[in-house]
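Please view the sequence and the structure together before reading on.

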Amino acid sequence: MNGVRSSAWIGAAAIAVAVVSCGLFDTRDPAEPTPPSEDCLALTNSVAVTANIETSYGRLNLITCYSSLFDTTFAFHPDAQDSLQNPDGFAGWDEKVEAEHSSEIATLQTFINVNFPSQYQPAIISPDQKTEVRFYDYVIRVTGLVQADTTVARFSGRADITFRRADD
């Protein structure tokens with residue numbers, strides 16, 4: 001009986017040492033996300049364009065990069081559900097409004113992450129390969145849009161992006 005008790009104490013002590021030594025109960029010190037590059041990638045393909053959107057949307061230091069991605073045909077068209085909730089709210093949402101909106105988010109947010117994790121259907125590419133329409137799922141995580149708010153707001157949906165290749 002004494003051998004069983006001492007074995008139980010030794011086993012409990014071994015478990016306690018293992019739990020303490022692995023740092024299971026240590027206070028976590030989360031790392032800040034790596035800031036994006038200060039440069040806009042060369043617009044050589046659709047991957048570079050979406051990477052520029054992911055790194056520059058909602059960041060004041062990269063607002064010029066983000067707004068340079070638009071041409072005068074830019075238009076924001078919400079999905080059917082958003083249109084029903086606010087039928088006139090997006091009328092006239094052009095490249096200027098989009099750049100202003102991104103700047104406003106940049107002044108408010110304390111953290112932002114934009115991601116196009118996948119394409120939900122194959123791209124449509126014109127025969128001359130100068131125009132592509134790509135269909136992306138997107139996820140935006142952001143904090144600080146409301147003063148002192150530390151909650152991460154998550155927005156997700158689908159974006160159809162038209163890429164046009166200029167002669168240069």
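## Confidence of the model

The structure is a predicted model. Its mean pLDDT is 79, and 74% of the residues of the protein reach 70 or more.

Where pLDDT is low, the predicted coordinates should not be read in detail.

## The sheet

Three strands, in the order E1-E2-E3, make up an open sheet with antiparallel pairing. E1 and strand E3 (153-164) are at the edges and have a single partner strand each, so one side of each has no neighbour in the sheet. On average, neighbouring strands of this sheet are turned by 20 degrees against each other, direction ignored.

Twelve bridges join E2 and E3 in the antiparallel sense. Val 142 has Ala 153, in E3, as its bridge partner. Helix H2 (residues 46-56) lies across E1, E2 and E3, and runs at about 155 degrees to E1.

Helix H5 (residues 95-108) contains Ser 102. Is Ser 102 buried or exposed? Its relative accessible area is 0%, below the 20% limit, and Ser 102 is therefore buried.

Apart from neighbours within four places in sequence, Ser 102 is in contact with Ser 56, Tyr 57, Gly 58, Ile 63 and Tyr 66.

## Aromatic residues

The whole structure holds six aromatic pairs. In one of them, the ring centres of Tyr 66 and Phe 70 are 4.9 Å apart and the planes stand at 85 degrees, so this pair is edge-to-face. Tyr 66 is buried at 6% relative accessibility, and Phe 70 is buried at 17%. Another aromatic pair, Phe 116 and Tyr 136, is tilted, with 5.2 Å from centre to centre and 50 degrees between the planes. This pair links distant parts of the chain, since Phe 116 belongs to strand E1 and Tyr 136 to strand E2 (residues 131-143), 20 residues apart. Phe 116 is buried, with a relative accessible area of 13%, and Tyr 136 is buried as well, with 6%.

Ring pairs also join Tyr 57, Tyr 66, Phe 70 and Phe 74 into a cluster. Tyr 57 and Tyr 66 are among the contacts of Ser 102. Elsewhere, Arg 158 lies over the face of Tyr 120, at 4.0 Å from the ring centre.

Conventions:
Residues are numbered from 1 along each chain as its sequence is written. This is a predicted model: local features need pLDDT of at least 70, side-chain atom pairs count only at pLDDT 80 or more; totals for chains, interfaces and linings use all residues. Side-chain values use heavy atoms; hydrogens and water are left out. pLDDT is the predictor's confidence in each residue, from 0 to 100. Helices (H or I, at least four residues) and strands (E, at least two) are DSSP runs, numbered from the N terminus. Buried means under 20% relative accessible area, exposed over 50%, partly exposed in between (1.4 Å probe, protein chains only). Contact means heavy atoms within 4.5 Å. Rings of Phe, Tyr and Trp (its six-membered ring) pair if their centres lie within 6.5 Å; planes under 30 degrees apart count as stacked, over 60 as edge-to-face and the rest as tilted. A charge sits over a ring if NZ of Lys or CZ of Arg is within 6 Å of the ring centre and within 35 degrees of the ring normal. Two strands pair if DSSP finds at least two bridges between them. Axes are lines fitted to C-alpha atoms, for helices over the stretch in contact, and angles run from 0 to 180 degrees between N-to-C directions.
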